[in-house]
Amino acid sequence: MTIIRPFRALRPVPTRAREVLAPPYDVLTSAEARARAKGKPWSFLHVSKAEIDLPEGTDPYSSAVYATAAENLERMVAEGVLMRDAKPHYYAYRATWTGGRQTGLACIASLADYPPTASASTS
């Protein structure tokens, strides 16, 4: 049986949500993200596309990018822009875009009942 549980999300404080709001990391190029986040120090793009805070041409998968993302996230928490919910919750969401809509549930899920993939079981 699959087990799901609530968790304590890290979210923008309500008064700062507009400053944090950013499109998903995979819909913008690094150049587009850099332009969109210019002058917006609390944009979540500084976490999800942290290469924008490093020299142009930086490999987006380099360890420096991950370290910068961690520093930016820690700064957002330390400055009170993001907060951790006091109690665990299940989080329902709906994303709408031109031509589509997706509804989902964010939670902690156990993978123990999922069988390994064929490639994993033969290696």
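Reply: Let's begin with a term: a nonpolar core is a set of buried Ala, Val, Leu, Ile, Met, Phe, Trp, Tyr and Cys residues joined through side-chain atoms within 4.5 Å. Buried here means under 20% relative accessible area, exposed means over 50%, and partly exposed is in between, with a 1.4 Å probe and protein chains only. Please keep in mind that this is a predicted model, where local features need pLDDT of at least 70, side-chain atom pairs count only at pLDDT 80 or more, and totals for chains, interfaces and linings use all residues. Residues are numbered from 1 along each chain as its sequence is written, and side-chain values use heavy atoms, leaving out hydrogens and water.

Now to the core itself. The largest one has 6 residues, namely Val-20, Trp-42, Val-47, Met-76, Val-81 and Leu-82. In soluble globular proteins, nonpolar side chains tend to be buried together.

Setting aside residues up to four places away in sequence, Met-76 touches Val-20, Trp-42, Phe-44, Val-47, Val-81 and Leu-82, where contact means heavy atoms within 4.5 Å. Apart from this core lies another, of 5 residues, with Leu-28, Ala-33, Ala-37 and Ile-52 among them.

Next comes Trp-42, in the loop between helix 2 (30-37) and helix 3; helices (H or I, at least four residues) and strands (E, at least two) are DSSP runs, numbered from the N terminus. Trp-42 counts as buried because its relative accessible area is 14%. Beyond its neighbours within four places in sequence, Trp-42 is in contact with Arg-16, Glu-19, Val-20, Arg-75, Met-76, Glu-79 and Val-81. Its C-alpha atom is separated by 13 Å from that of Met-83, 41 residues apart along the chain.

Asn-72 lies in helix 4 and is buried, at 8% relative accessibility. Leaving out residues up to four places away in sequence, Asn-72 touches His-46, Val-47, Ala-50 and Asp-53, and Val-47 is one of the residues of the largest core. Glu-51 sits in the loop between helix 3 (45-48) and helix 4 (63-78). With a relative accessibility of 4%, Glu-51 is buried as well. Its contacts, again without residues up to four places away in sequence, are Ser-30, Arg-34, Thr-58, Pro-60 and Val-65.

For a contrast, look at Phe-7, in the loop between strand 1 (4-5) and strand 2 (10-12). Phe-7 is partly exposed, at 25% relative accessibility. Aside from neighbours within four places in sequence, Phe-7 is in contact with Lys-87, Pro-88, His-89, Tyr-91, Ala-106, Cys-107 and Ile-108. Phe-7 and Lys-87 are 80 residues apart in sequence, yet 7.6 Å apart in space, C-alpha to C-alpha.

Finally, let's step back to the whole chain. It has 5 helices and 6 strands, and from the N terminus on its elements run β-β-α-α-α-α-β-β-β-β-α. The chain is more spread out than a compact globule, because its radius of gyration is 18 Å, well over the 14 Å that the globule rule gives for 123 residues. That radius is taken over C-alpha atoms, and the rule is 2.2 Å times the number of residues to the power 0.38. The C-alpha trace spans about 50 × 40 × 35 Å along its principal axes. Of the 123 residues, 24% count as buried.
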